[in-house]
Amino acid sequence: MNDATPQEIAEARAAERRADRRALLLIGGFLLASLAVRGFTLRTEAIRLGSPVTWQETWLNETTSHLAILLVAPLLPWVLDRFPLAAGQWRRALPGHAAGGLVFSVLHVALMFGARTLLFPAFVGVPYRLNLFAPAHFAYELQKDVLTYAMLMVGYVLVRSVEQGRLEAASALQAARRNHQLTLKSGSAAIVVDSRDVLWARAAGNYVEVATPGKTHLARMTLSRLEELLAAAGDRHLRLHRSHVVNLDHVREIAPTGECDVRVTLSDGTVTPGSRRYRDGLLAAIEGNRRVREAARP
């Protein structure tokens with residue numbers, strides 16, 4: 001495999017930035033929902049227990065905490081860029097994320113404490129007296145912030161993964177259209193084949209068996225996705241069964257089975273079933289291919 005080009009690197013970074021913006025929007029929505037649930041729950045509980053805590057204090061406490069998390073959350077991609085949570089890099093990444101979680105908690109507590117100190121006299125009528133930086137209080141906040149940090153980081157990773165998948169899918173279609181190139185992922189390996197060399201393909205659970213001259217590859221993709229790439233390449237491949245695709249240029253015989261289905265024999269000797277659902281399309285494609293060849297004869 002060739003090293004990534006500057007354009008590919010730029011596209012990957014742009015995809016990460018798009019993913020981070022989407023993740024932050026999702027985080028904002030989640031925090032808003034959490035604020036509503038926490039605020040109403042705590043207020044209901046205070047009323048049930050006859051607590052002297054006012055509704056202003058309850059909502060101000062929750063709002064400042066959630067808003068502080070939202071303000072600190074955009075810093076997490078910076079940590080993720082330097083300590084990627086990828087397979088094989090966990091040991092190296094964990095110390096960085098441990099430090100990142102601690103900084104996240106300090107910033108969260110500082111913003112929360114500062115906002116409450118400023119707002120309590122105006123909205124609650126008394127100064128904010130709880131010292132969040134006291135060891136017991138900070139330890140209490142730290143254990144909650146570590147979990148919050150982990151959840152937010154997982155959110156960024158998942159959204160980035162989805163965006164990267166979209167980028168790879170678009171790139172694969174371009175490669176198929178441009179030069180008939182298919183990249184098949186098999187385990188940790190990536191195998192590049194010429195789409196015109198694909199003799200047949202067969203669904204195998206979450207994988208697809210892709211046959212080329214002399215070798216069959218097991219690729220992690222759906223048959224529909226492979227069919228889409230082959231269509232983008234403009235090759236003569238056709239689905240003739242819900243779990244089979246064949247190269248029409250390698251069809252050697254089509255024989256009826258007596259049940260309105262057909263049995264197709266390919267140039268490598270492979271015999272593949274063809275269902276009645278796809279039979280007419282197969283026969284029409286073969287007939288069209290025959291006419292093209294006859295028209296090309298001198």
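## Basis of the Model

Helices (H or I, at least four residues) and strands (E, at least two) are DSSP runs, numbered from the N terminus. The structure is a predicted model, in which local features need pLDDT of at least 70 and side-chain atom pairs count only at pLDDT 80 or more, whereas totals for chains, interfaces and linings use all residues. Residues are numbered from 1 along each chain as its sequence is written, and side-chain values use heavy atoms, with hydrogens and water left out.

## The Loop at His-180

Between α5 (135-179) and β1 (181-186) lies a loop that contains His-180. This residue has a positive phi of about 60°, although His-180 is not a glycine. His-180 is buried, with a relative accessible area of 17%; buried means under 20% relative accessible area, exposed over 50%, and partly exposed in between (1.4 Å probe, protein chains only).

## Antiparallel Strands β3, β4 and β5

Strands are taken to pair if DSSP finds at least two bridges between them. Strand β3 (residues 200-204) and strand β4 (residues 207-212) run antiparallel and are joined by five bridges. Five bridges also connect β4 to strand β5 (residues 215-219), again in an antiparallel arrangement. Val-210 in β4 stands opposite Ala-201, and the bridge partner of Val-210 in β5 is His-217.

The loop between β2 (189-194) and β3 holds Asp-197, which counts as partly exposed at 36% relative accessibility. Asp-197 and Ala-211 are 14 residues apart in sequence, and their C-alpha atoms are 8.2 Å apart in space.

## Salt Bridges

Side chains of opposite charge can pair when their charged atoms come close. With a salt bridge defined as a side-chain nitrogen of Lys or Arg within 4 Å of a carboxyl oxygen of Asp or Glu, the count comes to 18 salt bridges. One of them joins Asp-20 to Arg-17, with the closest N and O atoms 3.0 Å apart. Both residues belong to helix α1 (residues 6-49), where they are three residues apart, about one turn of the helix. Asp-20 is buried, with a relative accessible area of 8%, while Arg-17 is partly exposed at 33%. A network of salt bridges links Glu-16, Arg-17, Asp-20, Asp-81 and Arg-160.

Helix α1 also holds Arg-48 and Glu-45, three residues apart and separated by about one helical turn. Their side chains meet in a salt bridge of 2.5 Å, N to O. Arg-48 is exposed, with a relative accessible area of 59%, and Glu-45 is partly exposed, with 32%. A further salt bridge connects Arg-196 with Asp-194, the closest N and O atoms being 2.9 Å apart. Arg-196 is partly exposed, with a relative accessible area of 45%, as is Asp-194, with 25%.

## Aromatic Contacts

Rings of Phe, Tyr and Trp (its six-membered ring) pair if their centres lie within 6.5 Å; planes under 30 degrees apart count as stacked, over 60 as edge-to-face and the rest as tilted. A search of the whole structure finds four aromatic pairs. The ring centres of Phe-120 and Tyr-128 are 4.8 Å apart and the planes stand at 65°, so this pair is edge-to-face. Both Phe-120 and Tyr-128 are buried.

Arg-220 lies over the face of Tyr-207, at 5.1 Å from the ring centre. A charge sits over a ring if NZ of Lys or CZ of Arg is within 6 Å of the ring centre and within 35 degrees of the ring normal.

## Nonpolar Surface Patch

Phe-30, Leu-147 and Met-151 form a nonpolar patch on the surface, with about 330 Å² of accessible area together. Patches are made of residues with over 30% relative accessible area and no salt bridge: like charges are joined within 9 Å, nonpolar side chains (Val, Leu, Ile, Met, Phe, Trp, Tyr) within 5 Å. Accessible areas come from the Shrake-Rupley method with a 1.4 Å probe; for residues, only the protein chains shown count as cover.
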